[in-house]
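Subject: Structure handover

Hi,

Here is the structure I promised to pass on to you.

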Amino acid sequence: MGGGVALAATPLRAARMTSAKAPAPWGALPSPRQRAWHRRETYAFVHFTVNTFTDKEWGYGDENPALFNPTDFNADQIVAAAKAGNLHGIVLTAKHHDGFCLWPTPLTEHCVRNSPYKDGKGDIVREFADACRRGGIAFGIYLSPWDRNHAEYGRPAYIEYFRAQLNELCTQYGTLFEVWFDGANGGDGYYGGARETRKIDAEAYYQWPSIVDYVHSMQPMACTFEPRGADLRWVGNEGGVAGDPCWPTMDSKKAYTQSDGFGGIRGGDIWWPAETNTSIRPGWFYHADEDTRVKSPETLTKIFDESVGRSTNMILNLTPDRRGRVPDQDVASLTAFGDALRASFAKDLARNAVAHASAERGRLFRAANVLDGQRDTYWSTPDEDVMPMLTLDLAPGTQFDLIRLRENIALGVRVTRFAVDADMAGDGNWQEIVNKQLIGSQRILRLAQPIMPRRIRLRILEAPACPAITEFALFKSVAPRLLTAEETSSVALLDRALLKVVAASAPRAEILFDGDGLTTWFTSAPGSLTIDLGRRERIAGFSLVPMQDWSHPSTPPPHYVFETSEDGVTWERRSAGEFSNIVNSRQTQRVHLGQAVAARQVRLTFLNKSDDRRQLAISEIDILAPF
Ligand code: FUL
């Protein structure tokens with residue numbers, strides 16, 4: 001059992017094998033804090049601040065702290081939602097780009113101390129830290145380096161302020177597992193009243209390695225995110241997908257592009273693994289009009305496969321609402337996703353298999369180690385044997401569709417390419433079912449359908465050093481429960497099925513309501529659109545998704561006029577203005593009327609004051625209901 005085929009023959013050889021030394025590490029290696037981070041696999045982001053109350057994604061920095069007023073904040077509810085979704089930690093936006101601090105810091109007036117929340121005596125960071133500890137999950141913080149409120153942003157005094165903020169957060173809230181520094185940095189903002197654009201050279205301005213050292217001096221196990229010199233890198237997109245493969249190594253001497261972040265660099269000289277981030281909704285903050293756009297448990301499972309399954313960690317953002325709670329439909333999706341994941345990985349079906357290998361390094365490194373559920377025991381081979389094979393003879397009836405492989409990353413990433421083969425009838429007729437690069441901390445392979453072979457084997461096809469495989473596990477997936485219509489429905493938007501275009505400056509305007517962000521309505525400027533709501537409604541405003549294709553020569557509409565009518569004859573102008581930062585950021589735009597109005601029809605006019613020759617391009621429009 002587990003002994004090598006031709007090994008352990010003579011006492012002399014057996015003695016040599018038992019005392020065989022561990023293989024030498026190969027290539028870049030993770031630090032202890034990175035090794036601990038790799039084991040966390042899935043955790044939550046929480047975006048919650050003044051933006052939650054202004055319905056924005058990026059605050060300008062001039063928001064009144066009095067706006068921050070959750071009516072029923074409950075950190076334990078948010079922790080419970082995270083745990084339902086199998087998320088083992090929370091990274092909280094202690095300060096987003098608008099500069100508002102969720103903790104009562106003496107360093108600025110722009111903080112929760114000056115909000116109505118608990119009469120200015122509240123501390124949201126502490127409530128999260130305590131709830132995480134009570135719930136047995138880890139806690140970390142996001143601190144935006146960009147601060148659109150601070151008068152000194154861009155000058156040396158702001159760096160002192162930023163470090164002092166870090167000092168407070170790293171010394172007053174217990175152990176942190178992660179400190180997140182956002183790459184979005186510099187642009188227009190309030191800046192203490194200057195209301196101007198400030199650009200910085202981030203590397204020179206922050207001196208990131210010294211900030212990373214500063215964090216580690218206070219929080220030795222906290223992994224810092226993103227800038228060069230940090231423990232973790234960005235995966236290069238916010239869609240929740242890592243490259244296949246996504247090497248945990250990078251090249252310290254080369255400039256770093258987004259696509260390097262996606263795939264990593266095989267053989268790179270530094271261990272700088274990717275964290276894969278995405279939000280459970282389209283935005284990072286809560287918007288009532290996204291209540292129907294919560295990612296389904298199936299989508300979350302796909303994100304899990306394409307992040308954790310590719311040796312990265314998954315950070316899934318949750319968006320507490322104005323009460324200060326994760327909304328019901330998000331909890332339903334998280335629970336269905338988490339339940340399916342827990343059930344799928346509950347039982348390793350390979351535990352009763354018999355493992356044998358084409359070579360073993362000795363008894364300490366025998367093939368059976370891949371079945372013992374221990375991360376520090378592993379199968380390895382003599383140094384020169386870099387393309388061995390490990391076979392599992394399965395108990396009859398073993399049916400599975402998930403394969404999980406793990407390397408002992410303390411010894412580096414050793415396997416470059418591997419295959420998995422199945423012998424369905426046990427007659428030596430092997431079929432290759434997987435052929436991939438990279439195992440790393442964890443590789444999960446989901447088969448299109450369950451199989452029930454007699455034997456399965458791992459073949460190392462390419463490697464610069466002998467393998468160190470800690471796990472070869474098999475599971476049978478459990479599909480997430482289907483959510484009911486009630487669990488996913490919302491009241492924040494008018495029913496799109498009732499909306500009718502009655503006049504438009506260009507054809508095909510119906511595709512604005514097709515729910516498909518990839519279809520686009522083009523019109524020359526000024527464009528206009530009259531929509532019949534199907535019946536008299538109370539409405540609170542509208543939202544607009546601009547086209548996302550940056551390579552297209554058209555432009556999102558920079559200006560709008562919004563009118564309503566109760567009879568299609570008399571019109572009232574309700575709002576007009578500029579969409580903030582639409583041309584550069586292409587975020588969803590939301591226009592809220594001061595108070596809800598009755599209407600049967602709405603008319604939108606889109607202007608492009610700067611360049612009338614370019615076509616305007618819009619993907620989606622919704623009419624907001626009062627909430
Ligand atoms: C981005 C930010 O600009 C978003 O607002 C959000 O915080 C996301 C996680 O990172 O760069």
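Predicted model: local features only at pLDDT ≥ 70, side-chain atom pairs only at ≥ 80, totals over all residues.

Ile-511 has a relative accessible area of 14%, and since the cut-off for buried is under 20%, Ile-511 counts as buried. Setting aside the neighbours within four places in sequence, the contacts of Ile-511 are Thr-519, Thr-520, Trp-521, Ser-619 and Glu-620.

Helix H4 (residues 75-84) has 7 of its 10 residues buried, so H4 is largely enclosed by the rest of the structure. Those buried residues are Ala-75, Gln-77, Ile-78, Val-79, Ala-81, Ala-82 and Ala-84. What do they pack against? Their partners are strand S1 (42-46), strand S2 (89-95), helix H5 (124-135), strand S12 (313-318) and helix H11 (328-344).

The packing of H4 on H5 can be described in more detail. The axes of H4 and H5 are 9 Å apart, at an angle of about 50 degrees, and the two helices are therefore oblique to each other. Their crossing is right-handed. On the H4 side, Ala-75, Asp-76, Ile-78, Val-79 and Lys-83 take part, and they meet Glu-127, Phe-128, Ala-131, Cys-132, Arg-134 and Gly-135 of H5. By class, this contact of H4 with H5 consists of 6 nonpolar, 1 polar and 4 charged residues.

H6 contributes Phe-162, Arg-163, Leu-166, Asn-167, Cys-170 and Thr-171, while H8 contributes Trp-208, Ser-210, Ile-211, Tyr-214, Val-215 and Met-218. The contact of H6 with H8 has 8 nonpolar, 3 polar and 1 charged residues.

Now for the strands. An open sheet is formed by 5 strands with antiparallel pairing, in the order S13-S14-S19-S16-S17. Strand S13 (354-357) and strand S17 (430-437) are the edge strands; each has a single partner strand, so one side of each lacks a neighbour in the sheet. On average, neighbouring strands of this sheet are turned by 20 degrees against each other, direction ignored. Inside it, strand S14 (residues 389-393) pairs with strand S19 (residues 455-462) in the antiparallel sense over 5 bridges, and Leu-392 has Ile-456 in S19 as its bridge partner.

Finally, please look at strand S15 (residues 400-407), where 8 of 8 residues are buried. S15 pairs in the antiparallel sense with strand S18 (residues 443-451) over 5 bridges, and the bridge partner of Ile-403 in S18 is Leu-445. S15 also runs antiparallel to strand S20 (residues 469-475), joined to it by 6 bridges. There, Arg-406 has Glu-471 of S20 as its bridge partner.

Notes:
Residues numbered from 1 in each chain as written. Heavy atoms only, no water. Buried < 20%, exposed > 50% of the residue type's maximum accessible area, 1.4 Å probe, protein only. Helix = DSSP H or I, 4+ residues; strand = E, 2+ residues; numbered from the N terminus. Pairing = 2+ DSSP bridges. Contact = heavy atoms within 4.5 Å. Nonpolar A, V, L, I, M, F, W, Y, C, P; charged D, E, K, R; others polar. Axes fitted to C-alpha atoms, helices over the stretch in contact; angles between N-to-C directions. Parallel < 35°, antiparallel > 145°, perpendicular 65-115°, else oblique. Left-handed = near helix turned anticlockwise from the far one by under 90°.
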